[in-house]
Amino acid sequence: MGDYFSEDESTMQLSDILKVVVGYIRETIKNQQADIVIEVHSQVDIVVPNHYYLVSILSNLIFNSVDALKDAHNGLIRLIVSDQGDNLLFSISDNGIGMDDKTQAMIFQPGFTTKFNENTGDVYRGIGLSHVRLIVQEQFQGDLKVCSELGKGTTFEVKLAKIRLVQEDIS
């Protein structure tokens, strides 16, 4: 996604950030010929000066859902953005393989991954959920929660402080 975003780019509307992130992921899904639909539900629109961090959070969580739906039929990823006064809540849910309690307890540990090449044993390294949670907490004074049921799917809820989302310089 480097073509679309850089850290020093100007501000973007939240609606445009969602369009670009979801559009990029839809293209990836199409290229993989996966049976996955992404729905976006948002009535919120704010200007986000430092969209790079928000893009990292959303793309990582949505790509995790794509991975959980790799072999699915009728895969569905739903992104809902809601205004909760001082915060925005981003809910990313899928009807993928889900996680057991043991996996859920580990996913925010640095270095933890469920993604590896079964033939070579090589680990795939994204930024990882521990890093996503750190961005949520440090950049946006927010919180990241997960709820998952094995065989049914997973929902990540990301709560971000609006004041931090619209702030010009959050470094």
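Buried here means under 20% relative accessible area. Keep that cut-off in mind for the helix stop below. The model is predicted.

**Whole chain.** Show the cartoon. The protein has 5 helices and 7 strands. From the N terminus they run β-α-β-β-α-β-β-α-α-β-β-α. Colour by burial: 40% of the 171 residues count as buried. Switch to the surface. The accessible area is about 9700 Å², with 47% of it belonging to carbon and sulfur atoms. Among contacts with a separation of 6 or more, 67% join residues 24 or more positions apart.

**Helix α1.** Select residues 14–32, which form helix α1. Its 19 residues should span 27 Å at 1.5 Å a residue, and the end C-alpha atoms are 27 Å apart, which agrees. Now show the side chains of L14, I17, L18, V21, V22, I25, T28 and I29, the buried residues of α1. Look down the helix axis. These residues fall within an arc of 115°, so they line one face of α1. An α-helix has 3.6 residues a turn, so residues three or four places apart point the same way.

Which exposed residues sit on the face of α1 turned away from its buried side? Select K19, K30 and N31. Step past the end of α1 to Q33, which has a positive phi near 55°.

**The sheet.** Select the five-strand open sheet, in the order β2-β4-β5-β7-β6, with mixed pairing. At its edges stand β2 (36–42) and β6 (143–149). Each has a single partner strand, so one side of each is left without a neighbour in the sheet. Neighbouring strands are turned by 10° against each other on average, direction ignored.

Zoom in on β5 (residues 87–94) and β7 (residues 153–161). They pair in the antiparallel sense over 8 bridges. Pick N87: its bridge partner in β7 is A161.

**Last stop: A105.** Select A105, in helix α3 (residues 101–106). Is A105 buried or exposed? A105 is exposed, because its relative accessible area is 55%. Draw a distance to V146. The two C-alpha atoms are separated by 9.8 Å, with the residues 41 apart along the chain.

Definitions and conventions
Residues numbered from 1 in each chain as written. Predicted model: local features only at pLDDT ≥ 70, side-chain atom pairs only at ≥ 80, totals over all residues. Heavy atoms only, no water. Helix = DSSP H or I, 4+ residues; strand = E, 2+ residues; numbered from the N terminus. Buried < 20%, exposed > 50% of the residue type's maximum accessible area, 1.4 Å probe, protein only. Contact = heavy atoms within 4.5 Å. Areas by Shrake-Rupley, 256 points an atom, 1.4 Å probe, with all protein chains shown as cover. Pairing = 2+ DSSP bridges. Axes fitted to C-alpha atoms, helices over the stretch in contact; angles between N-to-C directions. Expected span 1.5 Å × (residues − 1). Arc of directions from axis to C-beta.
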